[in-house]
Each structure stands twice: as C-alpha cells, then as structure tokens.
Amino acid sequence: MIPENLRYSKEHEWVKVDGNIATIGITSFAQEQLGDIVFIELPEVETQVKAMQDFGVAESIKTVSTLYSPVSGKIVEINSELAESPGTVNASPYAEGWMIKVELSNPSEVNSLLDAKQYQELISTTSE
Amino acid sequence: MNKKTILFSEHLRLGARMVPFGGWEMPVQYSSITEEHAAVRTRVGLFDIGHMGVIEIKNYKPAAAPKSPAPALSFLQYVTTNDVSRLENYQFQYTVACNETGGTVDDLLVGKLPDKYIVVANAANTEKVLAWLEKQRAAKNFELYIRHATEISMLSLQGPNAAALIEKIAGRNVTADKKNRSFVWVAGSPVLAKDPPGIAAGCEILISRTGYTGEDGFEFFAPKDFAVELWNRLLLDGAAYKIKPCGLGARDTLRLEAALPLYGHEYDDDTSPIEAGYGWAVKFDKGEFIGRDRLLQQKENGLPKKLFGLELPDKNIPRAGYAVYADITGQSKIGQITSGTFSPTLGKPIGLAYLQSSDLINAPAVGNIPRVYVKIREKFVPASVVSTPFYKKNRASTAQTN
C-alpha cells in the first residue's frame, strides 16, 4: 500500500532518491484528504527550496493545502502535466502525480525522513 | 462530543467521510464532491439534513377574539422580517430573524400548517434561535408553545428528477402545483407496497417544496423512527434516476453556485438581510418587527456594505477571509470574501464578497464589468464582479435519466 522504497515527511509528502536527484509528490493519504484536486501551484525551475519550507499549493474544491519540501536544493524539473490535469495527483500520487525534482544540496536530510513503516504509523494515528 | 443524526450508520455503510459541522458529525462526501454536485445538477441527489433545527410554534390558547390574529402569527410577524400572514396552509417562506440593530440572528424557513407553524433553523444556530424566540415570547407575553421538535429528522431531495421520484413514491402530481405547496405524505399506502417493505403504514411525513441547491427539490420532515427507511426507500426507488447520496461538500458548492447565503459567512450578528441581498424578504409594510427601524435606515440612507458575486480567472480560487482591493497594488482594501470555491458546473473559481458599495462604483471597469482584486496568497488576482446567481437552472432542459 505505502511504497517501501520511498521516504516520507510528516506533511504527507513522499521522496524518491536517485543519485543526487529527489522526486517529490504527495501521498495517497494526502490526496484522499484533499478530495478532487483542481489546481496545483508549483514554483519555477531553478527555484531554491529548503527543507520544511513551502514550495507550492494544492487546491481542491473545498480546501487549499500548502506543499512543503522535505529536502533542500534546487528545482531542476517540474511536472508540467499537472497544469492540464491536476487530477493525476489523485489518480496516481506516487507515479504520474509527481510534482518536482530537486537537486539535493544536503543529501543527508533524507535520512531524517520517515520510512514506510513509520509513515504508516503516522497515518494510522492521524484522526480524520 | 458531536451529535449524530439518525442516519449516521447509513453514512458509514455508504463509505462517507464524516466531519464535524455545527456540533454534528456529518458526511462531507461519499464518492466525490464533483460527482455528487453533478448528480444534483443533472439527475437527483439525497442529503441528510437531520442537523437542521426543527421548531414548532403552537397557539397555547385559541385566539381571544375572532378578529385578532392568533398569537403564533403575531409573534412570528414580530420576530421575522418577511410577511408571515401571506402564508396559506402548507406554504413555506424564507425569512430572517433580526436583532435590534438589524443584524441577523439566523436565516430561517417558516411554514404554516393547520395546527402550528414550523420554523427551520441552521444547525449551528438552533440553540441560539430557541433561546431568542423564548426571550421574545416572554418579553411580550405571547401565550405560545415553542418547542424543539427533536423527534423530526430532515432529509433533502434535490435535482431535475426529484419531482418525478416524489410523484412515483408519494403518488402526488407535484409538477402541476404551481404554488409549490408542501403536503403531508401518509406513507404505507398501497402505492408503496413493494419489496422491501415500505414505510410503516400511517406514518405522516411533511414534504416541502424547498431546497438549498438552486434546483427543484423537496425537503422531508420525517419522524426519526422512519428516517432510515425513508432514506433507503428514496435511494432504492431513485436508482432508476441514478440517485446519489450527497454530502456537505456538494451542498456547499451547489448553494454557492446558486449564491445562497450561509450563516457565519454571508450572515452574522452584524449583517442585515438587505446587505446580504435579501431585501425582498423584508416587508416593511407588514407592521412592527425587531430590527425594522435600523433596516429602514439602511434602505433609505444606503448600506454600509453589500454582497457581490465575483468570478476569477484560471484556477485562482478565492476563500473565505481573503481581502478584496479596488487596485492591483493592494492600497485600497474594500472588503473580503465570505465564501469561495471552484464551481464544478461553471468550471471556474467563484466567490461572494462584502464590498463597500460606494467603492465598487468607483472601481475600474473592464468592458463594463467592474473589476476588483482578490489577494490570494501573495498575488492580487483580478476578479470580475458579476450578477448572481452564478448558476440558474435551465427550465427548458430535460432531466437526464442516464
């Protein structure tokens, strides 16, 4: 259910690390909480992000949700598909619904993120 | 500890996500807000509105003299802005209970029945309204019986197919009734006798031609003991019309498209019905009522603020509390958003906002549509001021059955 090969933040983002590049999105739990997503606001490529700072916004019909970066670095790619089809995040949060790719400035930050088991525990105890 | 309506278990059974609202645990959605919204606009949807407050007002004693109106009527005329004397039996009207300063205690439905009046209050305001009514009753010594009818649980059936479903279930030609009268459905009659068992014979359910979606629809005042059966009966018989249970999420997007007000957003203790755009529900010539003087002043001297509809471009969704400016640099704040969403039917962001109306007249217009600026996070987004409602049901359109 919760992909084993990813790391997670307490703000319900996931991180996939490939060498020095981290791909970031929101978890299935997060997209479910949001409901039908109508808009994803992402920053431009080259923008610097810092761990635990906001990088964008996910809007659903009933709510606005801030997106927090789990890691620090420079944005090297954003998922431009989401402008046309924000619903992709609902349909495929861990794959096609990825949001940004960050060139890590401090790779050791990944170690302090939650693993799948810890994230599972987090959402089990989070009341709706 | 939040209250639960009698349909709580049904919502869980249907997989609804529950949220606290006005002191109650209510379903916000079953499948998705967008789907439920579309069901009401194109077919028919069913809502549990058992959180609403149903209040009965009865004459404690018959009128003393034949010509004096029974106390219930005089009392309601005194505490509400609309003209209650216009109600025939089985008719409902929208109205507002104002305080002395012309602000709003609650917006209400008032219905006349042969033996009583019914007042429907918002869930969050039920206790406040009961206390207010009792206070006013006692202050003027009206001899009345005011009670909170907690044995009644309301449901709402809304959409272009609602009338057809009601006709099928209750055997009454509601389409032909141009006066939109409510009626008492005596359930359990032969028309219903099908498998699974119909509602217990003799059960009386008041059905009004009212709603909060901008579609044709009906609201049921069901005895709690029969609410679950009624809910399931409607879902079963409504399957032919592809009925969907709908939650508060869709209830909000629907009412907002229809520019219907929500207490706590468009109404509060300091906001009058005239400011909210409901001056038509204020009948100055009906006689004395609480707030009349201040409301008359507003009408004659101009309103402190006025509610306007806004449309925004792309996916810039306005949310309650966002500030509104006359200029793109944010120098001149003229108001704030009371409610906003992404309209599923129109496919664009919409919102309602109280603006200082004199400033609006001066705000630069683009192509004759006044323009203001809504601060969304750090951006000042241009918004067009448009006439409301944003959505109006198409009377010529055919209800869909697929």
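## Salt bridges within chain B

D177(B) and R181(B) join their side chains in a salt bridge, with N and O 3.5 Å apart. The model is predicted. Of this pair, D177(B) is buried at a relative accessible area of 12%, while R181(B) is partly exposed at 32%.

D83(B) and R86(B) also form a salt bridge, and their closest N and O atoms are 3.7 Å apart. D83(B) counts as buried, at 10% relative accessibility, whereas R86(B) is exposed at 52%. A further salt bridge links E151(B) to R147(B), with 3.0 Å between the closest N and O atoms. Here E151(B) is partly exposed, its relative accessible area being 35%, and R147(B) is partly exposed at 24%.

Over all chains, a search of the whole structure gives 22 salt bridges.

## Contact between chain A and chain B

Chain A and chain B each bring 15 residues to their contact. Between them they bury about 1400 Å², and 47% of this lies on carbon and sulfur atoms.

## Charged and polar pairs across the interface

The interface of chain A and chain B holds 3 salt bridges. In one salt bridge, the side chain of E41(A) meets that of R377(B), at 3.3 Å from N to O. E41(A) and R377(B) belong to a network of salt bridges that also includes E59(A) and R319(B).

Polar contact across the interface involves 11 residue pairs. On the side of chain A that touches chain B, at least two residues come from each of α1 (28–34), β4 (37–41) and β6 (54–60). By class, that side of chain A has 6 charged, 6 nonpolar and 3 polar residues.

Definitions and conventions. Residues are numbered from 1 along each chain as its sequence is written. Chains are lettered from A and ligands numbered from 1 in the order in which they are written. This is a predicted model: local features need pLDDT of at least 70, side-chain atom pairs count only at pLDDT 80 or more; totals for chains, interfaces and linings use all residues. Side-chain values use heavy atoms; hydrogens and water are left out. Contact means heavy atoms within 4.5 Å. Buried area is the accessible area (1.4 Å probe) that two parts lose on being put together, summed over both. A salt bridge is a side-chain nitrogen of Lys or Arg within 4 Å of a carboxyl oxygen of Asp or Glu. A polar contact is a pair of N or O atoms within 3.5 Å; within protein, one must be able to donate a hydrogen and the other to accept it, and residues adjacent in sequence count only if both atoms are side-chain atoms. Helices (H or I, at least four residues) and strands (E, at least two) are DSSP runs, numbered from the N terminus. Ala, Val, Leu, Ile, Met, Phe, Trp, Tyr, Cys and Pro count as nonpolar, Asp, Glu, Lys and Arg as charged, and the others, Gly among them, as polar. Buried means under 20% relative accessible area, exposed over 50%, partly exposed in between (1.4 Å probe, protein chains only).
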